[in-house]
Amino acid sequence: NAASVSADFLQEVYQASLARTKTSQGSIKLSKPNFVRWEITEPETTLMVSNGRRVYYYTPGASGGKGQVLVRGATELTKQPLFRILTGSASLDKEFSLQKQENPPEVAAGETLLTLKPKKAMGDLEQVQLRVDAKYLIQEVITHSATGNKTKITLQNQALGDKLPPALFDFKPPEGAEVLRN
């Protein structure tokens with residue numbers, strides 16, 4: 001339950017309706033209480049920054065190349081089970097029933113696979129699988145939805161407790177970008 005987490009990630013999103021997987025990669029920086037910087041660098045750059053009050057979703061190539069910024073309240077984040085699990089702000093035992101199973105062959109020695117099922121409805125989330133190492137550092141998060149969609153996030157190069165500069169969580173929409181608030 002560290003005050004900050006930094007990691008590189010590989011995200012694979014399987015869309016059941018299209019029977020296809022989209023892969024992206026980037027870095028994530030989290031700092032308590034609600035400071036987030038989720039930067040996708042491949043295949044296209046996108047950025048989500050939360051300064052604790054507002055969340056900014058920035059897509060540089062949108063709106064005819066000028067970029068688009070969507071602004072929302074930071075409470076949006078706390079509703080996301082994935083965010084709460086990664087930041088350690090979800091009380092796993094209160095929100096989920098935990099099942100520890102025999103590890104499948106793809107789980108390395110010293111790692112544990114946990115399956116979490118929501119105790120009450122969380123949108124279309126059916127279950128979350130966490131692969132953790134011997135120190136209970138999350139290596140992989142896989143969310144499964146009722147519609148058959150699956151998101152797998154693999155974390156690498158994790159650093160816990162580093163002092164992250166506040167400027168990482170500041171965001172000013174670039175000149176000319178379309179700004180949408182809701």
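This is a predicted model: local features need pLDDT of at least 70, side-chain atom pairs count only at pLDDT 80 or more; totals for chains, interfaces and linings use all residues.

Modeller: Helices (H or I, at least four residues) and strands (E, at least two) are taken here as DSSP runs, numbered from the N terminus. Residues are numbered from 1 along each chain as its sequence is written, and side-chain values use heavy atoms, with hydrogens and water left out.

Asn34 counts as buried because its relative accessibility is 15%, where buried means under 20% relative accessible area, exposed over 50%, and partly exposed in between (1.4 Å probe, protein chains only). If residues up to four places away in sequence are set aside, Asn34 touches Ser50, Asn51, Gly52, Ala74, Leu77, Thr78 and Phe83, a contact being heavy atoms within 4.5 Å.

Ala19 sits in the loop between S1 and strand S2 (20–31), and its phi is near 50°, a positive value in a residue other than glycine. With a relative accessible area of 55%, Ala19 is exposed. Pro43 lies in the loop between strand S3 (35–42) and strand S4 (46–51), and the peptide bond that joins Glu42 to Pro43 is cis, with omega about -5°.

Strand S1 (residues 4–15) leads on to the other end of the numbering, since it pairs with strand S11 (residues 150–160) in the antiparallel sense over nine bridges, where two strands pair if DSSP finds at least two bridges between them. Within that pairing, Glu12 has Lys152 of S11 as its bridge partner. S11 also pairs with strand S10 (residues 138–145), again in the antiparallel sense, over five bridges, and there Val141 stands opposite Ile153. The hairpin of S10 and S11 has four residues between the strands, and in it Gly148 takes a positive phi near 95°. Asn157 belongs to S11 and has a phi near 50°, which is positive although the residue is not glycine; its relative accessible area of 60% makes Asn157 exposed.

To set these details in the whole, the protein chain comes to three helices and twelve strands. Its radius of gyration is 17 Å, close to the 16 Å that the globule rule gives for 182 residues, so the chain is as compact as a globular protein of that length; the radius is taken over C-alpha atoms, and the rule is 2.2 Å times the number of residues to the power 0.38. The C-alpha trace spans about 55 × 40 × 30 Å along its principal axes. Of the 182 residues, 41% count as buried, and among contacts with a separation of 6 or more, 40% are between residues 24 or more positions apart.
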